[in-house]
Amino acid sequence: MPEHDATTLKVVAVSGSLHEPSKTTALIRAIAGEVALRETVNVELIELVEIGSGFAGALTRDQVSPQAEAALRSIETADLLIVGSPVYRGSFTGLFKHLFDFVGQYELIDTPVLLAATGGGEKHALILEHQFRPLFGFFQALTLPIGVYASNTDFAGYELTSESVQSRVELAVRRGLPFVRQRGIPSEIPASTYVGTW
């Protein structure tokens, strides 16, 4: 169980960008900031540009760096995950996937996950449905109803300036928070081990 005040949400925001500064990270920060306006939160930002080298050459979890292991533990104990990646060849970045390859298979069950992505244009927006939801469906996580996608033109430099995207952020958070608040309610439904039997 997460080790924090029960009245404070542990929000872990993961940016799959391999650059700094980053539009993806700016979007992730905007979403986390919107959550902070509505709830008492402790936000931890995990940037792959900072910890990515800790996965270099790792084939098993015990081979990752201490910094990478700490990030994995934070992800596994979050009350809310905010995850985002730039679109790279029609999907999230390889390092983003590599990070979640090391997350425990049953550690994210019922964890609310708010999905976000950035790309060169609107044609990439379906990445949220075609790539992100299946990944977190594997973990039996609870992907929240509305994701947020932003194009390059929605930013001035690395600042989110689009009013329509900001409205989407607000709506995604407003629609998602009721699910997050239910996270502490014990479930009598056992976790599925179906995938683990393959």
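**From a pocket to a buried strand**

Tutor: Happy to! Helix H1 (23–38) and strand S4 (112–119) each supply at least two residues of the lining of the second largest pocket. Please keep in mind that the model is predicted. In all, 16 residues line this pocket, and the space inside comes to about 280 Å³. Ser17, His19, Thr24, Pro86 and Val87 are the lining residues that lie nearest the pocket's centre. Sorted by class, the lining holds nine polar residues, six nonpolar ones and one charged residue.

The chain leaves S1 (residues 9–15) and needs to be followed in both directions across its faces. Leu9, Val11, Ala13 and Ser15 point one way, while Lys10, Val12 and Val14 point the other way, and all of them are buried. In general, side chains in a regular strand alternate between the two faces of the sheet. Because seven of the seven residues of S1 are buried, the strand is largely enclosed by the rest of the structure.

Now for the strands that pair with S1. One is strand S2 (residues 41–47), which runs parallel to S1 and is joined to it by seven bridges. Within that pairing, valine 12 stands opposite glutamate 44 of S2. To get from S1 to S2 the chain passes through H1, giving a β-α-β crossover that is right-handed. S1 also pairs with strand S3 (residues 80–86), again in the parallel sense, over five bridges. Here valine 14 has valine 83 in S3 as its bridge partner.

What packs against these strands? The buried residues of helix H3 pack against S1, S2 and S3, and also against helix H2 (48–51) and helix H4 (94–101). Those buried residues are Ala68, Glu69, Ala71, Leu72, Ser74, Ile75 and Glu76. As a general point, an α-helix has 3.6 residues a turn, so residues three or four places apart point the same way.

Leaving aside residues up to four places away in sequence, serine 74 touches Lys10, Val12, Glu44 and Ile46.

How values were computed: Residues are numbered from 1 along each chain as its sequence is written. This is a predicted model: local features need pLDDT of at least 70, side-chain atom pairs count only at pLDDT 80 or more; totals for chains, interfaces and linings use all residues. Side-chain values use heavy atoms; hydrogens and water are left out. On a 1 Å grid over the protein atoms alone, a cavity is a set of points where a 1.4 Å probe fits but cannot get out, and a pocket is an open set with protein on both sides within 12 Å along at least five of seven lines; lining residues have an atom within 4 Å of a point. Grid points are joined across faces, edges and corners, and a volume is the space filled by probe spheres set on the points. Helices (H or I, at least four residues) and strands (E, at least two) are DSSP runs, numbered from the N terminus. Ala, Val, Leu, Ile, Met, Phe, Trp, Tyr, Cys and Pro count as nonpolar, Asp, Glu, Lys and Arg as charged, and the others, Gly among them, as polar. Buried means under 20% relative accessible area, exposed over 50%, partly exposed in between (1.4 Å probe, protein chains only). Two strands pair if DSSP finds at least two bridges between them. A crossover is right-handed if, with the strands pointing away from the viewer, the path from the first strand over the helix to the second runs clockwise. Contact means heavy atoms within 4.5 Å.
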